Amino acid sequence: MSAPSIATDLQLSENALTVLGRRYLKKDGDGRVIERPEDMFRRVAENIASAEGAYGAQDSEVRALADAFYGMMTRFEFMPNSPTLMNAGREFQQLSACFVLPVDDSMESIFQAVKDTAMIHKSGGGTGFSFSRLRPAEDIVSSTRGVSSGPVSFMKVFDSATEAIKQGGVRRGANMGVLRIDHPDIMRFIEAKTDHAHLTNFNLSVGATGAFMRAVQQGGSFDLVNPRTKQKSGSLDARGVFRRMAELAWEGGDPGIIFLDRLNDHNPTPHVGEIEATNPCGEQPLLPWESCNLGSINLAAFVTGSGRAAKIDWDRLRDTVHLAVHFLDNVIDMNEFPLPQIAEQTRANRKIGLGVMGFADMLILLGIPYNSQQAAHAAGQVMKFVTEEARAKSREIADVRGAFPNFAGSVYDQAGEEPLRNATVTTIAPTGTISIIAGCSSGIEPLFAVVYTRHVMDRDELLEIHPIFEQMARDQGLYAPDLMKAIAASGTLHGIDEIPREIRDVFVTAHDISPEWHIRIQAAFQEYTDNAVSKTVNFPNEATVEDVEHVYRLAYELGCKGVTIYRDGSRDEQVLTTGRTDQARKSIPPAEIGPRERPPVVTGQTRAMRTGCGKLYVTLNCDDQGPFELFATMGKAGGCAASQSEALARMVSLAFRCGIPAEQVIRQLKGISCHLPSWEAGGGRILSCADAVAKAIEAFIMPEGEQLAMDFGGGANHAGACPECGGTLVHGGGCNVCRDCGYSQCD
């Protein structure tokens, strides 16, 4: 999809205009955009600044603050989370991105939580839950004299409710499900997404305790505890469970792991309650009924000078941190929360989560490789500064407006300590769409790609070149269209000898960086972050389960609060689908077009292919001229997937019978993606039913090791197709984001 025609004087990329037009700008009843980006930022700035009136500010003071907020956003130095941009100053004044809801051990509580979830998703928020209070499967239900179906069964109810709700056409619900490691159903939970068609609206995280991690380190078992009786109900081998977690994360990314004891060691209000869960991407631990308001500072905007003279403008960064904290605190006052319990809990703690984006761009401008100790030092230095200055501003606001109501009894309530306005001030969130608007790299992730191909539905595919790299290449006389295409084909500068070594070293992508460096950067940020850090640890396809286990241990040892991993698919599965060329058409003389008749006997084989929609059984039959017909049958009869598979098989059969070479069929189908990719037993990835058919044909006709090499669209983290535009989804910060239209599961 091309960018809508949007008038603007701001320096916005075509991709940013597409995102704004699809998701953020006001539209009329016919769906036409009636708001310029400047109007959106002005609407948000004036709405959030109007909170000052409740504290006695004069109109002139409110206008001045609105101008300051507007300038901060239009210079792309700071962006609030998506619901604030979408809803501030409009009829739907829900401004928070993340919520945690309680789920207690009763039918009333469970289905009330389902209803509350629906209300939150309708308002544009994501939800997290701990299912640890629910009694295990097969446990006694005294009121009915029956047995419980267990947490995983009820999670499917939440998942179905989420699937049914499209959030006003702009955001779709996302959930985090957490279960304590000592719950009797922990193995059911760990294995809940082995069928990739289930719980598609959930991220899963195992709530690991310190006792469990010690048992993993030392060897031995750990106890399971029935949450209904509080009694021991068995034990499991810690290393065996840890291994199974790593195996399934290696296969499909779930479950992640959060360290519950560590979350509560840093809980600022333990007298109010225990932290049991996080928001969908894991960066925001919250009490039940709590929400958080997030925003991110674009670090790249604060680098001045170039080359060896490049440095961070700390004074300007300090001013922006202070203004951003003021903005986020005002958001709490202007927010119309979806439920009264959420309003009460949020206003009692006034948590905000100021984070950063553009970290990879900042490193590039400073000449620092992402995978280096220098980068880890820079991460700690900049986050320490942001958190200290955010707290300074929070104290300043508290002097005028008062501390957060739950301050008494909090960890800050100590002799000699100044009151804080906010129980937490910093969070590192994924910034999928707001970083596109700001024109910077996402969160604290490395680059997805230096050059990649963006699919545009009504025109040729476009090369998207990282702006800093393009400028550097032009300045040094390195820019050439063919070279840019070569970089797009690999997604990385690694091995591109035309690019000098010093440039290759700083323009590293997620594909180039070892998992250990991903964790070390995450840990450096976590040390100085109040809440938690959303970060994806990327693994190459050839990584082992032992590699995943090592990273989990390292995350715990280095002080992270949780970790999410993502093992990349092999290159020939990260496909840019190629169109039929004129040469391919000319290869079949017109006189030969037409299906050949079926002989009395054909021979063939059937292969079972695991797809995101279920098992697909692909049968290929051959006559004396080669492949003749194909049948594709879903394991579950009926439904859209089954009918589409049958239709695809008929068209492939027609192509074979008309003399189209099997290699051409493979090239047309291989790499087509849907939003439910699946993983083969050997570690390969099935991107869709069409991709499964292509790979089955390929396995029938081509010797192992001679499969067709395919181009791919740039970088690591390919996570299937965008459900809205069909473009490439990439995985980062615990979230899938489309670089073509800006679709995001999360922010």
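**Aromatic rings and their partners**

Visitor: What lies over the face of F700?

Guide: R607 does, at 5.1 Å from the ring centre, and a charge is said to sit over a ring if NZ of Lys or CZ of Arg is within 6 Å of the ring centre and within 35 degrees of the ring normal. The charged end of R474 likewise sits over the ring of Y479, 3.8 Å from its centre. This model is predicted, so local features need pLDDT of at least 70 and side-chain atom pairs 80 or more, whereas totals for chains, interfaces and linings use all residues. Residues are numbered from 1 along each chain as its sequence is written, and side-chain values use heavy atoms, with hydrogens and water left out.

Visitor: How many aromatic pairs are there, and why is the pair of F359 and Y370 called edge-to-face?

Guide: There are 17 aromatic pairs, counted where ring centres of Phe, Tyr or Trp (its six-membered ring) lie within 6.5 Å, with planes under 30 degrees apart stacked, over 60 edge-to-face and the rest tilted. F359 and Y370 have ring centres 5.9 Å apart and planes at 70 degrees, so their pair is edge-to-face.

Visitor: What does the pair of F359 and Y370 tie together?

Guide: F359 lies in helix α13 (residues 359–366) and Y370 in the loop between α13 and α14 (373–401), so the pair ties together parts that are 11 residues apart in sequence; helices are DSSP runs (H or I, at least four residues), numbered from the N terminus. Both F359 and Y370 are buried.

Visitor: Why does F404 count as buried?

Guide: Buried means under 20% relative accessible area (1.4 Å probe, protein chains only), and F404, at 1%, therefore counts as buried.

Notes
Helix = DSSP H or I, 4+ residues; strand = E, 2+ residues; numbered from the N terminus. Buried < 20%, exposed > 50% of the residue type's maximum accessible area, 1.4 Å probe, protein only.
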